[in-house]
Amino acid sequence: MLIAENTVAHFHYVLKTPEGEVLESSREAEPMAYLHGSGGIIPGLEEEMVGKTAGDRFETTIPPEKAYGEHDPERVQQVPMAAFQGVDKVEPGMMFRASTDQGDIPVMISAVEGDTVTVDANHQMAGQTLVFDIEITEVREATPQEIEHGHTHADGHDH
Ligand code: ZN
């Protein structure tokens with residue numbers, strides 16, 4: 001079976017920077033699964049998956065606009081250290097949730113200079129070109145329930 005609309009594909013991936021640094025990998029765990037056509041994975045990767053089948057292995061390079069988007073400077077803010085009362089140590093790389101007009105969103109501290117903390121609400125991989133090494137392990141038809149829900153149930157959640 002080939003990956004197409006309303007199929008569920010399972011795959012192993014190694015995600016790297018163009019320089020070859022490994023950012024994430026499924027190799028130590030179960031393959032990832034997604035319902036094709038549901039937007040469950042980044043758009044550039046979903047495009048590359050079309051027509052692939054179990055056993056296929058390929059590498060693909062995805063530009064930021066087809067991955068997590070460009071880095072938006074308007075989503076970077078400087079806030080006073082006083083906003084972090086109750087936090088023991090405020091340092092770059094820390095993630096936390098911030099309340100905004102759009103609800104709670106994950107933000108990362110990108111810099112700390114004196115009493116000024118820079119927080120970045122962009123996705124951590126925004127602006128990055130991503131290289132995926134993909135191995136398809138299984139392709140099957142989605143169940144009617146998966147299609148109705150718009151996601152796969154292969155990750156073990158059930159209703
Ligand atoms: Zn569901």
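This is a predicted model: local features need pLDDT of at least 70, side-chain atom pairs count only at pLDDT 80 or more; totals for chains, interfaces and linings use all residues.
User: How many of the residues of β1 are buried?
Analyst: Strands are DSSP runs (E, at least two residues; helices are H or I, at least four), numbered from the N terminus. Buried means under 20% relative accessible area, exposed over 50%, and partly exposed in between, with a 1.4 Å probe and protein chains only. T7, A9, F11, Y13 and L15 point one way from β1, while V8, H10, H12, V14 and K16 point the other way. Both sets are buried, and the count for β1 is 10 of 10.

User: Why do side chains of a strand point two ways?
Analyst: The rule concerns regular strands. Side chains there alternate between the two faces of the sheet.

User: How many bridges join β1 to β9?
Analyst: Two strands pair if DSSP finds at least two bridges between them. β1 runs antiparallel to β3 (residues 32-35), with 4 bridges, and V8 stands opposite L35 there. β1 also runs antiparallel to β2 (residues 22-25), with 3 bridges. With β9, H12 has E135 as its bridge partner, and the antiparallel bridges between β1 and β9 number 10.

User: Which residues form the covered face of β4?
Analyst: β4 (residues 57-62) pairs with β9 in the antiparallel sense over 6 bridges. T61 stands opposite V131 in β9. The uncovered face of β4 holds R57, E59 and T61. The covered face holds F58, T60 and I62.

User: Is F132 buried or exposed?
Analyst: F132 sits in β9 (residues 130-141). Contact means heavy atoms within 4.5 Å. Leaving aside neighbours within four places in sequence, F132 touches Y13, V14, L15, I42, L45, F58, E59, T60 and I62. Its relative accessible area is 6%, so F132 is buried.

User: What separates the C-alpha atoms of F132 and V22?
Analyst: F132 and V22 are 110 residues apart along the chain. Their C-alpha atoms are separated by 9.7 Å.

User: Which backbone oxygen lies 2.8 Å from a polar atom of the side chain of T7?
Analyst: T7 is in β1 and is buried, at 5% relative accessible area. Beyond four places in sequence, its contacts include M1, Y34, H36 and V139. The 2.8 Å oxygen belongs to A4.

User: Which side chain makes a polar contact with the side chain of T152?
Analyst: T152 lies in the segment after α2 (144-149) and counts as buried, at 6% relative accessibility. A polar contact is a pair of N or O atoms within 3.5 Å; within protein, one must be able to donate a hydrogen and the other to accept it, and residues adjacent in sequence count only if both atoms are side-chain atoms. The backbone nitrogen of A154 lies 3.0 Å from a polar atom of the T152 side chain. The side-chain partner, at 2.9 Å, is E146.

User: What is the volume of the largest pocket?
Analyst: A pocket is an open set of points on a 1 Å grid over the protein atoms alone, where a 1.4 Å probe fits, with protein on both sides within 12 Å along at least five of seven lines; lining residues have an atom within 4 Å of a point. The largest pocket has 15 lining residues, with Q77, A98, T100, V107 and A121 nearest its centre. β6 gives the largest share, 3 residues. The volume is about 270 Å³.

User: Which strand gives the most to the lining of the second largest pocket?
Analyst: The second largest pocket holds about 190 Å³. Of its 13 lining residues, the closest to its centre are E24, M32, I42, Y68 and F132. The most, 3 residues, come from β1.

Technical notes. Residues are numbered from 1 along each chain as its sequence is written. Side-chain values use heavy atoms; hydrogens and water are left out. Grid points are joined across faces, edges and corners, and a volume is the space filled by probe spheres set on the points.
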